[in-house]
Amino acid sequence: MPRYAHIIGWGKYVPPNILTNEALAKTVDTTDEWIRERTGIAQRHIASSKESTAMMAVHAAREAIEVADVNPSDIDLVIVATATPEYMFPATACLVQDALGASRAGAFDLEAGCSGFMYALATATGMIRGGMYNTILVIGAETLSRIIDWNDRATCVLFGDGAGAVVVRGSDEPGGVLASILGSDGSGGELLIVPGGGSKHPTGPDTVLSKMHTIKMSGREVYRFATRVMASASRQVAEQAGWSLDKIDLFIPHQANVRIIDSAAKALKLPPEKVFVNLDRYGNTSAASIPLALCEAIDAGKIKPGDHLVMVGFGAGLTWAACAVQWSTAKPGALAPPRAAVSRLRYLWSGIKSIVARALRHVDAAVSKLIDIFERKPPEE
Ligand code: ACO
């Protein structure tokens, strides 16, 4: 019996703090008019010092878990797609796994630039369809504001922060993620890069002074690449799913620039009502952009069971990726108060367990040290 991978839960988080084009124009040489005309962006959400990639990922994941109505201990794997992880290591996914109390889950981060969420969804689908796992949490989360050069008007106007998550579950019922394609052209790696902080240019005073820890982008080249690849990847994935382009009910592209989206939609002959756009409010949130758009499309009543969706991303790498999804999950009602309370209690309990596990690790280390001291033989005369 073939297995299918269905998206059964979804959730998002964006920082409450909004940075408008007008506010940005007070700090860098740009205008609201230029940004809107060239990109379609009007504002973006920016993380406060208390918000970070893991924290936003956990919020989005909790919402997705509630919609899916699964227990965190049922989750087999947590994948966090991000280019702005909490730390170099441990993986952000491990922090999320612990905060959720997903005690049985494996966890890893996946880095494929703005295509990261699509790469992660394709990975989860393959694992479910191959029978390795049954329930996988896939998250796209970014705090790009921390790697932006706020004096570079060519990049600082484009990006925002946020997180989106889905729960993917195996079933014998046909539907769900039916086809995926992944692509890479590393020869374009330098077109979109954060050059500092890795093994090639480890962090030091020189990398900090020359701002090598911020995004460097050749906008025009990335633009050309994006317009080409968005349409071709979408066409390819629809074909793999056995769909003609007119079968697509909703196209959810990576939200980088409205002109790139319009060009892809035109090439695919998709009318505006079949194309979901929310970048005016969020800017480019990289790996979070497609799950954020998916959540908003569901909230807006634009997706119903049976619909054919194509989601497509492109980004640093250079990478691109697309998935064809036959939607199968009805939008649930609000969580009943007793269930909401149980889920709050569950997270409180997993928080306590995590604190106790950390404390026990300290006690264990202290006791081992004491035993070492007592067992140490006196030096021989
Ligand atoms: N405000 C005012 N003027 C600006 C700004 C700004 N914020 N930014 C650039 N300009 C100026 C440039 O200096 C240039 O001036 P010049 O002609 O005097 O040299 C002029 O505007 C035109 O610049 P272009 O770069 O040609 O502008 P373009 O129309 O290409 O738009 C943009 C630039 C928006 C960056 C576009 O190229 C683009 O969207 N590229 C794709 C970027 C992208 O999607 N990146 C994300 C990839 S995903 C990931 O993995 C992170």
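Predicted model: local features only at pLDDT ≥ 70, side-chain atom pairs only at ≥ 80, totals over all residues.
Reader: Good to know. At what angle do α8 and α9 pack, and how far apart are their axes?

Author: The angle is about 35°, and the axes of α8 and α9 (residues 258–267) are 9 Å apart.

Reader: Which residues of α8 and α9 meet there?

Author: From α8 you have Tyr223, Ala226, Thr227, Met230, Ala231 and Ser234. Across from them, α9 brings Ile260, Ser263, Ala264 and Ala267.

Reader: And how does that contact split by class?

Author: The contact of α8 with α9 has 7 nonpolar and 3 polar residues, with no charged ones.

Reader: Nice. Now the ligand: how many residues surround it, and which are the closest?

Author: There are 23 residues around the ligand, and the closest are Thr30, Gly113, Gly219, Ala256 and Gly315.

Reader: Which helix gives the most to that shell?

Author: That would be α8 again, with 5 residues in the shell around the ligand. Helices α2 (32–39), α6 (153–156) and α8 (219–241) each supply at least two residues of that shell.

Reader: What classes of residue make up the shell around the ligand?

Author: The shell holds 12 nonpolar residues, 8 polar ones and 3 charged ones.

Reader: Switching to sheets. In what order do the strands of the 5-stranded one run?

Author: That open sheet goes β1-β7-β6-β4-β5, with mixed pairing. From one strand to the next, the twist averages 20°.

Reader: How do β6 and β7 pair, and over how many bridges?

Author: Strand β6 (residues 135–143) and strand β7 (residues 161–171) are antiparallel, with 9 bridges between them. If you'd like a spot to look at, Leu137 stands opposite Val167 in β7.

Reader: Which strands of that sheet does α3 touch?

Author: Helix α3 packs on the sheet and touches β1, β4 (77–81), β6 and β7. The direction of α3 makes about 125° with that of β1.

Reader: α3 also packs with α4, I see. What's the geometry of that pair?

Author: Helix α3 (residues 53–68) and helix α4 (residues 92–100) pack at about 50°, and their axes are 9 Å apart. The two helices are therefore oblique to each other. α3 passes α4 in a right-handed crossing.

Reader: Which residues make that contact?

Author: On the α3 side they are Thr53, Ala54, Ala57, Val58 and Ala61, while α4 contributes Thr92, Leu95, Val96, Ala99 and Leu100. By class, the contact of α3 with α4 comes to 8 nonpolar, 2 polar and no charged residues.

Reader: Great. What about the sheet of 4 strands: what's its order?

Author: The order is β8-β13-β12-β11, in an open sheet with mixed pairing. At the edges are β8 (176–184) and β11 (250–253), each pairing on one side only. The twist there averages 10° from strand to strand.

Reader: How many bridges join β8 to β13?

Author: There are 8 bridges between β8 and strand β13 (residues 319–326), and these strands run antiparallel. Within β13, Trp320 is the bridge partner of Gly183.

Reader: Which strands does α11 touch on that sheet?

Author: Helix α11 (residues 289–299) touches β11 and β12 (308–315) as it packs on the sheet. The direction of α11 makes about 145° with that of β11.

Reader: One more: what's the phi of Asp69?

Author: Asp69 has a positive phi of about 55°, although it is not a glycine. Look for Asp69 in the loop between α3 and β4.

Conventions
Residues numbered from 1 in each chain as written. Axes fitted to C-alpha atoms, helices over the stretch in contact; angles between N-to-C directions. Parallel < 35°, antiparallel > 145°, perpendicular 65-115°, else oblique. Left-handed = near helix turned anticlockwise from the far one by under 90°. Contact = placed C-beta atoms within 7 Å. Nonpolar A, V, L, I, M, F, W, Y, C, P; charged D, E, K, R; others polar. Pairing = 2+ DSSP bridges. Near = placed C-beta within 6 Å.
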